[in-house]
Amino acid sequence: MATDLAFTFLGTGAPPVSLRRAGPAHLVEAGGVKVLVDCGSGVSQRLVAAGHAGAQIDALIVTHEHSDHLVDFYQLVVSSWHQGRSRPWRVLAPQPALANMRGQYEAFARERALRIAFEKRPDATGLEVVFEELREGPVAGLGALVVEAFLVDHKPVEPAFGLKLSAEGNNIVFSGDTRLTPSLKQAAQGCDLLICEVFIDSQMPVAAGVRSAETVASVQSYHMTPAVVGGLAERAGVKALALTHLVPPGADTAALFSEIRAGGYAGPLIVGEDLMRLELPARLLRWNGAALGF
């Protein structure tokens, strides 16, 4: 059975270093089109581990300016060129994130010129980047994959976006990083799959020298707790819920599962893991050699 829409968790982590969870990055596929959403730490390695390569990506969408979502941008560009990429990168992001990535790109201008001149690879086109501002509304030029960006609330980081992803009547809503906001509630209504960030407040205690009570409260204020995520999924009537961008990355996932249930959501629930792949309309989860229905 052909896959109409597939979503692969490349990195389900957050800024804290985790051997289990790479930085935020996800791959969406439909009709032969491949779109990378965010490019956190380890994205190039995770793409290869998932059976893909940066050389194959049709577009990169970065949802907001935070470092954990864009820190490996230049590594992605260079590693993709080493894989034989022969077309420019198409990069869409809000202006603050674009400025950061342009800065990364420009900072390596001399290094890039040395590589091109010395290594004498067949084509340097794969090192070129076309930067586009991501705005509310549909993203053109992605074939069978329909992508629509909507604003979310991650202040003081703004703008920040969630994404509606669809193909052949199947639809996924990706929250991006956000507080609970009316735009997300509206986008999630009745969707086939909601993929949502989560801040696990019960597992983020105050730690001397690491985070104060004020730190915890501040970070929690622009994310969603398990109770909030569970309530959103239940009220929106989503057909399945998957969690990503786990804060903290080392969270007890069984306890997280229970907290989502306590929030009121009783439907299919997936705690995302790196390299996990979800397929629609088959409603198939593939991970580590296993295949399960959801």
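**The sheet and its surroundings**

Modeller: This is a predicted model. In it, 7 strands make up an open sheet with mixed pairing, and the order is β7-β8-β9-β10-β11-β12-β13.

Biologist: Which strands stand at the edges?

Modeller: β7 (137-139) and β13 (269-271). Each has a single partner strand, so one side of each lacks a neighbour in the sheet.

Biologist: And by how much are neighbouring strands turned against each other?

Modeller: By 25° on average, ignoring direction.

Biologist: What packs on the sheet?

Modeller: Helix α8 (residues 253-262) does, touching β11 (193-199), β12 (241-247) and β13. The direction of α8 makes about 145° with that of β13.

Biologist: Back to β7. In what sense does β7 pair with β8, parallel or antiparallel?

Modeller: Antiparallel, over 3 bridges, with β8 covering residues 146-152. Pro138 sits opposite Glu148 of β8.

Biologist: New topic: where are the cis peptide bonds?

Modeller: One joins Lys155 and Pro156, with omega about 15°. Another joins Glu158 and Pro159, with omega about -5°. Pro156 lies in the loop between β8 and β9 (160-167), and Pro159 is in the loop between β8 and β9 too.

Biologist: Which residues other than glycine have a positive phi?

Modeller: Glu168, near 55°, and Leu275, near 80°, are among them. Glu168 is in the loop between β9 and β10 (170-174), while Leu275 is in the loop between β13 and β14 (277-280).

Biologist: Why does Glu168 count as exposed?

Modeller: Because the relative accessibility of Glu168 is 64%, and exposed means over 50%. Leu275, at 30%, is partly exposed.

Terms used:
Residues numbered from 1 in each chain as written. Predicted model: local features only at pLDDT ≥ 70, side-chain atom pairs only at ≥ 80, totals over all residues. Heavy atoms only, no water. Pairing = 2+ DSSP bridges. Helix = DSSP H or I, 4+ residues; strand = E, 2+ residues; numbered from the N terminus. Axes fitted to C-alpha atoms, helices over the stretch in contact; angles between N-to-C directions. Contact = heavy atoms within 4.5 Å. Buried < 20%, exposed > 50% of the residue type's maximum accessible area, 1.4 Å probe, protein only.
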